[in-house]
Amino acid sequence: MTTSASTAADARSLALAHYAARGVLEHVLARHGITFQQQITLRAALTADAPRTPDDLVAEVRDSLKADPAAIRATLDELLAKQLLVADGTHLLPTDAGRELTAAVGAETAPVSARIWGGIPAEDLAAAGRVLALVKERADAELAAPTA
């Protein structure tokens with residue numbers, strides 16, 4: 001099915017695009033024996049400017065995925081058990097195996113990503129980026145608002 005260029009973005013189209021792209025990534029992750037949440041958590045540890053504590057990683061992943069902190073802590077335990085992260089005092093650090101896994105996933109997804117994103121005009125990507133940032137900002141505000 002091809003989408004018309006005049007189709008307006010809405011919550012459904014955003015969700016469908018997200019799940020389609022995530023599905024592609026999850027196929028690659030499954031071949032490597034890790035889950036989407038494990039990959040996001042491992043990447044957070046890898047891209048940190050300084051070593052992160054478990055609480056730091058839980059907060060960052062929670063902000064990204066809006067996941068339950070207990071589930072994120074379980075993910076940290078899984079990454080430690082798989083020896084993709086290692087405890088160093090109060091910090092969790094990526095291991096060589098964690099770095100290699102992330103690099104392998106990146107190498108596998110790069111050509112697919114290029115096919116998915118390739119050919120989209122820069123001005124369309126810029127507009128989509130602005131809209132998505134605004135949607136995220138508003139959704140985060142809704143999540144932070146007290147519920148009645």
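Reader: Let me start with K66. Is K66 buried, exposed or partly exposed?
Author: K66 counts as partly exposed, because its relative accessibility is 37%. Bear in mind that this is a predicted model.

Reader: Where is K66 found?
Author: K66 is in the loop between α3 (54–65) and α4 (69–81). Its phi is near 60°, a positive value in a residue other than glycine.

Reader: And Q83, what is its phi?
Author: Q83 has a positive phi of about 60°, and Q83 is not a glycine. It sits in the loop between α4 and β1 (85–88). Q83 is exposed, because its relative accessible area is 57% and the cut-off for exposed is over 50%.

Reader: Step back a bit. How many helices and strands does the chain have?
Author: Six helices and two strands. Going from the N terminus, the order is α-α-α-α-β-β-α-α.

Reader: What box do the C-alpha atoms fill?
Author: Roughly 55 × 45 × 25 Å, taken along the principal axes. The chain has 148 residues, and 22% of them count as buried. Its accessible surface is about 9800 Å², with 59% of that belonging to carbon and sulfur atoms.

Reader: What about charges, how many positive and negative side chains?
Author: There are 14 positive and 19 negative side chains. The centres of the two sets lie 4 Å apart.

Reader: What share of the contacts is between residues 24 or more positions apart?
Author: Such pairs make up 56% of the chain's contacts with a separation of 6 or more.

Reader: On to α5. What span should helix α5 have, and what does the model give?
Author: Helix α5 covers residues 96–117, which is 22 residues, so at 1.5 Å a residue it should span 32 Å. The C-alpha atoms at its ends are 30 Å apart, which agrees.

Reader: Where does α5 bend?
Author: At A110, by about 35°. A proline, P111, follows within four residues.

Reader: Which residues of α5 are buried?
Author: G98, L101, T102, V105 and V112. In general, an α-helix has 3.6 residues a turn, so residues three or four places apart point the same way.

Reader: What covers the buried residues of α5?
Author: The cover includes α1 (11–31) and α2 (36–47).

Reader: Is D96 buried or exposed?
Author: D96 counts as exposed, because its relative accessibility is 53%. D96 lies in helix α5.

Reader: What comes just after α5?
Author: G119 does, with a positive phi of about 85°. G119 belongs to the loop between α5 and α6 (122–144). At a relative accessible area of 77%, G119 is exposed.

Reader: How many residues lie between G119 and G98 in sequence terms, and what is their distance in space?
Author: G119 and G98 are 21 residues apart in sequence, and C-alpha to C-alpha they are 32 Å apart.

Reader: What is Q37 in contact with?
Author: Leaving aside its neighbours within four places in sequence, Q37 is in contact with L65, A67, A71, I72 and T75.

Reader: And A45, what does it touch?
Author: Not counting residues up to four places away in sequence, A45 touches L57, L85 and P94. A45 is also in helix α2. At 8% relative accessibility, A45 counts as buried.

Reader: How many residues separate A45 and G119 in sequence?
Author: They are 74 residues apart, and in space 32 Å, C-alpha to C-alpha.

Reader: Last one, T7. Where does T7 lie?
Author: T7 is in the segment before α1. It counts as partly exposed, at 47% relative accessibility. The C-alpha atoms of T7 and L46 are separated by 38 Å, with the two residues 39 apart along the chain.

Technical notes:
Residues are numbered from 1 along each chain as its sequence is written. This is a predicted model: local features need pLDDT of at least 70, side-chain atom pairs count only at pLDDT 80 or more; totals for chains, interfaces and linings use all residues. Side-chain values use heavy atoms; hydrogens and water are left out. Buried means under 20% relative accessible area, exposed over 50%, partly exposed in between (1.4 Å probe, protein chains only). Contact means heavy atoms within 4.5 Å. Accessible areas come from the Shrake-Rupley method with a 1.4 Å probe; for residues, only the protein chains shown count as cover. Lys and Arg count as positive and Asp and Glu as negative; His and the chain ends are not counted. The place of a charge is taken as NZ of Lys, CZ of Arg, CG of Asp or CD of Glu. The expected span of a helix is 1.5 Å times one less than its number of residues. The bend at a residue is the angle between axes fitted to the seven residues ending there and the seven starting there.
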